[in-house]
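I opened this notebook to keep track of what I looked up in the structure. The entries follow the order in which I took the topics.

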Amino acid sequence: MAASRKLSDFASLKKAVKKVNEERRKQEEARKRAERQAQSDRELFLSSIGDVTPLDASDRIEPVFQAPRPIPVQRIADEKLALRESLSDEFSVESLLETDEALSYTKEGIGPDVVRKLRRGHWVIQDQIDLHGMRRDEAREMIVEFLRQAALRGIRCVRIVHGKGLGSVNNEPVLKKLVHKWLVQRSDVIAFCQAKPADGGSGAVVVLLKGR
């Protein structure tokens, strides 16, 4: 009984050794095939390019990589501070607004016919910005950048959607009042008035900008 078990163990071991040797043989054959293929590819490449002369590397110039310019974090912070100070939230706008229900505005020296034309849609609205969901400082910065881009593009008439304040405390149109204050402080704003109902009504203002 013990003898037959030893023979069985020996047979299993012999089988395992044979399997290992077979795997090694296959790996060796694969390696040799890869070497022959690489040699064949190299010879084919050399025969295709013919005789070549190595380049003279004595006058080679190493490339110079410039480090990226640092982000002017402090300058950006200073510009944002100047932006907030340039458009004051405390500016008194009431005396500058017309007493009509649309609370229209015209810069000094601009005739009343301008705001009448603006209210009737004489100028086509060429672009708009929606301030819904923005905080005070974010809205102010967005307006300044929006008007700057409009000036660069030669745009004259824009719409600013500030909302009706239905979601604010006591349903007061806080952002609407701030937008009016900011706009009258801009030298590039000639006039503005409440948008027509189809364009947003009391939740938006149509602005006429100074031409180039």
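Since 5 of the 5 residues of S3 are buried, I noted the strand as largely enclosed by the rest of the structure. Strands (E, at least two residues) and helices (H or I, at least four) are DSSP runs, numbered from the N terminus.

Entry on the basis of the values. I am working from a predicted model, in which local features need pLDDT of at least 70 and side-chain atom pairs count only at pLDDT 80 or more, whereas totals for chains, interfaces and linings use all residues. Residues are numbered from 1 along each chain as its sequence is written, and side-chain values use heavy atoms, with hydrogens and water left out.

Entry on the sheet. I then looked up the strand order, and found an open sheet of 5 strands, S1-S4-S5-S3-S2, with mixed pairing, two strands being paired if DSSP finds at least two bridges between them. Strand S1 (105-106) and strand S2 (127-130) stand at the edges with a single partner strand each, so one side of each has no neighbour in the sheet. On one pairing of S3, 4 bridges join S2 to S3 in parallel, and Gln 128 has Arg 159 in S3 as its bridge partner. On another, 5 bridges join S3 (residues 157-161) to S5 (residues 204-209), and these two run antiparallel, with Val 161 opposite Ala 204 in S5.

Entry on the helices across the sheet. I noted that H4 lies across S2, S3, S4 and S5, at about 165° to S3, while H3 (residues 112-120) lies across S1, S3, S4 (189-194) and S5, at about 50° to S4. Contact means heavy atoms within 4.5 Å; axes are lines fitted to C-alpha atoms, for helices over the stretch in contact, and angles run from 0 to 180 degrees between N-to-C directions.

Entry on H4. Which residues of H4 are buried? I listed Ala 139, Arg 140, Ile 143, Val 144, Phe 146, Leu 147 and Ala 150. They cover an arc of only 165° around the axis, which puts them on the same side of H4, the arc being that of the directions from the helix axis to the C-beta atoms. Just after H4, Gly 154 takes a positive phi of about 75°.

Entry on the cysteines. How many disulfides are there? Taking a disulfide as a pair of cysteine sulfur atoms within 2.5 Å, I recorded a count of 0. The sulfur of Cys 157 is 8.4 Å from its closest cysteine sulfur, in Cys 193, which is too far for a bond. Cys 157 counts as buried because its relative accessibility is 1%, and Cys 193 counts as buried at 1% as well.

Entry on two arginines. Arg 116, in helix H3, counts as partly exposed because its relative accessibility is 40%; Arg 116 and Cys 193 are 77 residues apart in sequence and 9.0 Å apart in space, C-alpha to C-alpha. Arg 153 sits in the loop between H4 and S3 and touches Asp 127 and Arg 212, not counting residues up to four places away in sequence.

Note on methods. Buried < 20%, exposed > 50% of the residue type's maximum accessible area, 1.4 Å probe, protein only.
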